[in-house]
Amino acid sequence: MAWFSDAYHFEKSQLTVAHITDCHLFKDQSGEYFGVNTAEYFARCLAAIAEHQVDCVVFGGDLTQDHSSDSYQLFAKLIADSPLLCPVFWLPGNHDELQEYHAIAGSHILSHKRITFQGGQLLLANSKGATPAGWVKQAHLEELSKRVDDTPSVVFCHHNPLPINGYLDKHLLENGPQLLNALVNTHHCIALFHGHVHHDYKYAFRGLNIYATPASSIQFTKQTTQWQQEDLGPAFRLITLNFDDTHSVQLTTDVVWLNG
């Protein structure tokens with residue numbers, strides 16, 4: 001089955017989306033990643049997202065840190081125990097395995113990779129490669145380009161497609177410029193959002209805005225290629241899309257930080 005063939009549709013022209021990423025859970029709910037209880041931080045984000053009454057959540061990958069099946073079960077439990085009522089969609093990060101995600105699919109956690117609304121769509125791309133670095137396979141890139149080609153689209157992936165002058169540049173999306181050129185050439189891509197880099201960034205490529213969303217766990221210090229972490233508290237991003245009277249999709253976005 002093609003990656004984007006199964007769509008989830010919202011019968012509305014304005015969509016509010018929460019983008020949350022890089023929770024790095026362990027099988028043990030008390031597990032810590034660089035001194036941060038990742039389950040606690042993730043749960044705090046879910047509770048805060050619920051207060052914003054979003055239409056859906058896009059989880060941007062790197063669910064697990066210890067690569068255990070139990071960590072995926074914990075992800076599902078934390079969502080089930082949260083006040084969140086909207087659907088949660090996911091895409092894989094370099095730490096993740098697709099079959100583990102499929103094993104936790106349920107009433108709130110859905111496997112659709114195309115989310116449509118009146119006037120536009122969200123596309124959740126697969127940038128997982130054979131190494132911690134990312135790679136979008138040619139067939140996947142072609143399918144993505146075709147989906148974007150006739151509909152105003154917001155694209156999500158895990159890896160940063162361009163360097164951000166950080167440690168994770170060694171594990172960026174290796175064919176990122178190819179992906180970005182393909183998206184820009186469609187003339188229908190509104191923006192691209194990614195995780196992976198554990199901090200917030202905004203940059204551009206040929207007029208296409210690219211946004212990095214901070215992790216719900218630990219953040220990686222900006223503007224250094226050294227391996228440095230800082231506990232700034234969990235964070236997520238809110239994205240509002242509005243199909244307006246000009247028949248175009250307007251996008252606004254902000255990062256929400258919760259105190260550490």
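Ala, Val, Leu, Ile, Met, Phe, Trp, Tyr, Cys and Pro count here as nonpolar, Asp, Glu, Lys and Arg as charged, and the others, Gly among them, as polar. The model is predicted, so local features need pLDDT of at least 70 and side-chain atom pairs pLDDT 80 or more, while totals for chains, interfaces and linings use all residues. Residues are numbered from 1 along each chain as its sequence is written, and side-chain values use heavy atoms, with hydrogens and water left out.

View A. The structure holds one cavity of 30 Å³ or more (on a 1 Å grid over the protein atoms alone, a set of points where a 1.4 Å probe fits but cannot get out; lining residues have an atom within 4 Å of a point). The largest cavity has about 50 Å³ of space, a volume being the space filled by probe spheres set on the points, which are joined across faces, edges and corners. Around it you will find Ile164, Gly166, Tyr167, Leu168, Val197, Tyr201, Phe220, Thr221 and Thr224. By class, that lining has six nonpolar, three polar and no charged residues.

View B. Thr21 in its loop. Look for Thr21 between β2 (14-20) and β3 (32-33); strands are DSSP runs of E, at least two residues, and helices are runs of H or I, at least four, numbered from the N terminus. Thr21 has a relative accessible area of 0% and is therefore buried (under 20%; exposed is over 50% and partly exposed in between, with a 1.4 Å probe and protein chains only). A polar atom of the Thr21 side chain lies 3.4 Å from the backbone oxygen of Gly60. Helix α2 and its packing. Helix α2 (residues 69-81) has 13 residues and reaches 19 Å from first C-alpha to last, close to the 18 Å expected at 1.5 Å times one less than its number of residues. Its buried residues are Ser71, Tyr72, Leu74, Phe75, Ala76, Leu78 and Ile79. They pack against α1 (38-51), β5 (56-59), β6 (88-90), α3 (98-103) and β7 (109-110).

**View D. Ser127, another loop residue.** Ser127 sits between β9 (120-124) and α4 (138-148), and counts as buried because its relative accessibility is 0%. Its contacts include Trp135, Cys157, His159 and Leu173.

**View E. Positive phi at His187.** In the loop between α5 (176-186) and β11 (189-194), His187 has a phi near 65 degrees, a positive value in a residue other than glycine. His187 is exposed, with a relative accessible area of 70%.

Conventions
On a 1 Å grid over the protein atoms alone, a cavity is a set of points where a 1.4 Å probe fits but cannot get out, and a pocket is an open set with protein on both sides within 12 Å along at least five of seven lines; lining residues have an atom within 4 Å of a point. A polar contact is a pair of N or O atoms within 3.5 Å; within protein, one must be able to donate a hydrogen and the other to accept it, and residues adjacent in sequence count only if both atoms are side-chain atoms. Contact means heavy atoms within 4.5 Å. Lists of a residue's contacts leave out its neighbours within four places in sequence.
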